[in-house]
Amino acid sequence: MREISPSTTLKVLENAFKKRAEGKDISILAAGEPDFDTPDYIKEAAIRAIKEGKTKYTPVAGIPELRRAIVGWTEQRIGINYSPDAVLVSSGAKQSIFNVLFTLIEKGDEVIIITPYWVSYPEMVRLAGGSPVFVDSAEDFHLDIDAIGRSITGRTRAIILNSPNNPTGVVYTREEMEELAGLLREKEIYVISDEIYDCLVYEGKKNYSIAKVKGMRDKTFVVNGVSKSFAMTGWRIGWVLGPERIIKLAKSIQSHTTSCPSSISQYAALAALTKDDGSVERMRATFEKRRNRCIELLSEIPGISFPRPDGAFYLFLDVSRYTHSSFGFATELVDHDLAIIPGIAFGKEGYLRLSYASSLEEIEKGIRHLKEFIEGLREK
Ligand SMILES: Cc1ncc(COP(=O)(O)O)c(C=O)c1O
């Protein structure tokens, strides 16, 4: 346990919240969750479930109605028809990824992680007894297929992909998924495809799941959930779809850890996936507006660049012209009334992750603070 890193993110945030409590008008552009409330039709389904007494343990893999709904929803999104037995519903996508890693990995197995990465991947691999192998993404933050190829060894068991990406907002293309599949197809390497942000893509673009590429379905675990798309982070419902023989083993792990995800949340997730009052699209469209405004405002700051953010709700700002210690930079920024996550939390120095899961007013104020801070540095 001593080898597991504590969160760098929390250090910056603790400081920011302390200042806010002291009455300072500090902008916090750090959220990893939508700032919207869960839509009413979903809340009502949960209240109904409580009143109807759906408050007991459920089957380990989730209630059959929800698993069927996930199958239908996934087919609509990525065009693959899974059996309900290929679905394991868990207490958040985080648990889904953990279950899969715990099932696949034996001590000493290697798992390829693309840098910058979502903070939990390396620690989950270590907790499962494996070794993370970090591969830098290409300069535009897409996949560097040659570098991935070079990092494969006889111990490589899996690769974790995340598109749309946290922290960069980059959405991988169909072509790069096909190229990567070409590299992996003949090898016994699994793909864990974390598609948790796949409803949040902009300008009419679509995420392309590697599971769709010929020969990849039986090697891929598609991970998704309701947290980001439906503003349901606190309900804790995520899932994985993949090869049934391994899903069955992952289910066994879950049966001995959490038994099943919350029954009430499962009924809420069922409503989320099978009904629609337009709020999900409204949230997505609001994120798109904010993203556009961020791009506009950030382009006015000299010396800052960022990869094209086609999805999720983050921008990954290159501030390497000013600093190589993103933690130091973020700490100083808190003194200038902006809290933002240092790139080092995602394994990448010289960058900051700006989240636009905040009101436009907060975003505009925060970016103004960033601009003033950077102009001050240039004058020094
Ligand atoms: C890339 C990525 N994957 C997974 C998760 C976890 O989602 P959940 O709330 O379903 O556990 C997050 C949450 O921040 C995330 O950013």
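Domain bounds in this description come from an automatic or database domain assignment. On that basis, the lining of the largest pocket draws at least three residues from each of domain 1 (8-30 + 279-374) and domain 2 (42-274). The structure is a predicted model, in which local features need pLDDT of at least 70 and side-chain atom pairs count only at pLDDT 80 or more, whereas totals for chains, interfaces and linings use all residues. Residues are numbered from 1 along each chain as its sequence is written, and side-chain values use heavy atoms, with hydrogens and water left out.

Pockets were located on a 1 Å grid over the protein atoms alone, a pocket being an open set of points where a 1.4 Å probe fits, with protein on both sides within 12 Å along at least five of seven lines, and lining residues being those with an atom within 4 Å of a point. Grid points are joined across faces, edges and corners, and a volume is the space filled by probe spheres set on the points. The largest pocket holds about 1,100 Å³ of space, and of the 43 residues that line it, Gly-32, Lys-94, Trp-118, Val-119 and Ser-120 are the closest to its centre. With helices (H or I, at least four residues) and strands (E, at least two) taken as DSSP runs numbered from the N terminus, at least two lining residues are supplied by each of helix H1 (8-21), H4 and helix H5 (120-127), and H1 gives the largest share, 6 residues. When Ala, Val, Leu, Ile, Met, Phe, Trp, Tyr, Cys and Pro are counted as nonpolar, Asp, Glu, Lys and Arg as charged, and the others, Gly among them, as polar, the lining of the largest pocket comprises 21 nonpolar, 12 polar and 10 charged residues.

Helix H4 (residues 93-104) has 12 residues and spans 17 Å from its first C-alpha to its last, close to the 16 Å expected at 1.5 Å a residue, where the expected span is 1.5 Å times one less than the number of residues. Residues are classed as buried under 20% relative accessible area, exposed over 50% and partly exposed in between (1.4 Å probe, protein chains only). Because 9 of its 12 residues are buried, H4 is largely enclosed by the rest of the structure; among these buried residues are Ala-93, Gln-95, Ile-97 and Leu-104.

The second largest pocket holds about 260 Å³ of space. Both domain 1 (8-30 + 279-374) and domain 2 (42-274) give residues to its lining, so the second largest pocket lies between them. Helix H3 (64-78), helix H9 (263-274) and helix H10 (279-298) each supply at least two lining residues, with the largest share, 3 residues, coming from H10. The lining divides into 7 nonpolar, no polar and 5 charged residues, and includes Trp-73, Arg-77, Phe-230, Asp-276 and Arg-284.

Aromatic contacts were also examined, with rings of Phe, Tyr and Trp (its six-membered ring) paired if their centres lie within 6.5 Å, and with planes under 30 degrees apart counted as stacked, over 60 as edge-to-face and the rest as tilted. A search of the whole structure finds 17 aromatic pairs. Trp-73 and Phe-230, which both line the second largest pocket, form a tilted pair at 6.3 Å centre to centre and 45° between the planes. This pair links distant parts of the chain, 157 residues apart, with Trp-73 in helix H3 and Phe-230 in the loop between strand S7 (220-225) and strand S8 (238-241). Trp-73 counts as buried at 10% relative accessibility, as does Phe-230 at 4%. A further tilted pair is formed by Tyr-190 and Phe-221, at 5.7 Å centre to centre and 50° between the planes; Tyr-190 lies in strand S6 (residues 190-194) and Phe-221 in strand S7, so the pair ties together parts that are 31 residues apart in sequence. One aromatic cluster is formed by Phe-36, Tyr-197, Phe-287, Phe-313, Tyr-314 and Tyr-356.

As regards the backbone, most residues other than glycine have a negative phi, and most peptide bonds are trans. The peptide bond from Thr-115 to Pro-116 is cis, with omega near 0°, and Pro-116 is found in the loop between strand S3 (110-115) and H5. The bond from Asn-166 to Pro-167 is likewise cis, with omega near 20°. Ala-312 has a positive phi near 60° and, at 0% relative accessibility, counts as buried.
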